[in-house]
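Morning, everyone. Please bring up the sequence and the model, and keep both in view while I talk.

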Amino acid sequence: MTLVSMPVASMSFASVSRWLVGVACLAVCAVAAAQSVPSGRPFEGTVVLMTGQAEVDVPNDEALAHFHIEVQDADLGRAQAQVNQRMGEAIANLKRSDPKSELQSSGYSSYPVYGRDTARKIVGWRVRQSVTLRTSELSALPRVVAAAQQQVALGGIDFRLSRAAREKVEAELIQRAMANLNGRVAAAAQVLAVPAARIRTEELNFGVHQVERPPMMAMARAQMSAEAMPEPRFEAGRTTEQMTVSARVRFLSP
C-alpha cells in the first residue's frame, strides 16, 4: 500500500483531521477486503446434511388428577362459604390419602345466575374452585380418587412422565440418535471412499417429539359407570419419545 505524504505543517487543524480520517478509512477498507478473500480451504470436500433418529417407549410414572367443586345459592356469601368449607375438607382428605402428593388450587370464581324472564334479574350465584393433585403413587390413585369424590367432582386425569423420567429418556435418546447418525455417516464415508480422519461434523441440531396417546380418562369413566365400582380403575399407559438429530458433515478429499 502506498503511503501519501502531506505538508502537515502548512495545513489547518480541520484539514489535518479530515486527512487522518480518510487515511483511517482506507486502512479499514484494506483490512476488510483482505479478510473477505476466501482462502478456499473451508470449502474443500463434500458437504452432506444427514439425520439420525431414535425412539424410546416408557411407562408413564406420574398422574395429574383435576378436581373441582361448584355450588349455587341465592346468596353469594353462602355459596362462597359452602365452597370454602367443602374444598378445605377435600384438600385435607387428599393430603391424608396421599401424603407424598403435591396439591395446587386454582380457578376460584363466582358469577351470577339470571332468571328466565326478560328482565334479566339475578336469581342466584354460582361459585367454583378447582384443585389439582400431582402424584407418582399410581397404585394408590383409585383409592385417593374415590375418597376425594366425597367432597369434590373429578374433572379428569392426565398420565405423563415425571421430570426425572423425561431427563433419563432424553439422555438415552441422545445416545441412540447419535449412534444412528454415526452409522449413517460411516456408510456415506465408505461410499465416498473418505477415511474417518477426514470427516468433519460442523453442526448438530436436536429435536424431541412426543407421540400423542389417547386420554385414559374416558375409559376410566365408562368403567365406573358400567360396573358401579367403588374405586375407579385406571391404566397409566405409556409415552413414546422420539428424537431427531440433524448434522452438517463435511467429507474431505483423501
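**The sheet and what packs on it**

Let's start with β2 and β4: they run antiparallel and are joined by 11 bridges. A word on the basis. This is a predicted model, so local features need pLDDT of at least 70 and side-chain atom pairs count only at pLDDT 80 or more, while totals for chains, interfaces and linings use all residues. Residues are numbered from 1 along each chain as its sequence is written, and side-chain values use heavy atoms, with hydrogens and water left out.

Terms, quickly. Helices (H or I, at least four residues) and strands (E, at least two) are DSSP runs, numbered from the N terminus. Two strands pair if DSSP finds at least two bridges between them.

Back to β2. Seven bridges join β2 to β5, again antiparallel. There, Glu-62 has Arg-160 of β5 as its bridge partner. How much of β2 is buried? Nine of its 12 residues are, so β2 is largely enclosed by the rest of the structure. Buried means under 20% relative accessible area; exposed is over 50%, and partly exposed is in between (1.4 Å probe, protein chains only).

Now β3. It pairs with β4, residues 122–135, in the antiparallel sense over 11 bridges. Glu-102 stands opposite Arg-134 in β4.

The order is β3-β4-β2-β5, four strands in an open sheet with antiparallel pairing. Which strands stand at the edges? β3 (102–114) and β5 (153–160) do; each has a single partner strand, so one side of each is left without a neighbour in the sheet. On average, neighbouring strands here are turned by 15° against each other, direction ignored.

Next, the helices. Helix α2, residues 76–97, lies across β2 (62–73), β3 and β4, and runs at about 15° to β4. Helix α3, residues 141–148, also packs on the sheet, where it touches β2, β4 and β5, and its direction makes about 160° with that of β5. Axes are lines fitted to C-alpha atoms, for helices over the stretch in contact, and angles run from 0 to 180 degrees between N-to-C directions. Contact means heavy atoms within 4.5 Å.

Is α3 mostly covered or mostly open? Mostly covered: seven of its eight residues are buried. Among them are Leu-141, Pro-142, Val-144 and Val-145. The buried residues of α3 pack against β2, α2, β4 and β5.

Now the rings. Rings of Phe, Tyr and Trp (its six-membered ring) pair if their centres lie within 6.5 Å; planes under 30 degrees apart count as stacked, over 60 as edge-to-face and the rest as tilted. The count comes to one aromatic pair. Phe-159 and Phe-234 have ring centres 6.3 Å apart and planes at 55°, so the pair is tilted. Phe-159 lies in β5 and Phe-234 in the loop between α5 (217–227) and β7 (238–251), so the pair ties together parts that are 75 residues apart in sequence. Both Phe-159 and Phe-234 are buried.

Last, the whole protein. It has five helices and seven strands. Of its 254 residues, 30% count as buried. Among contacts with a separation of 6 or more, 83% are between residues 24 or more positions apart.
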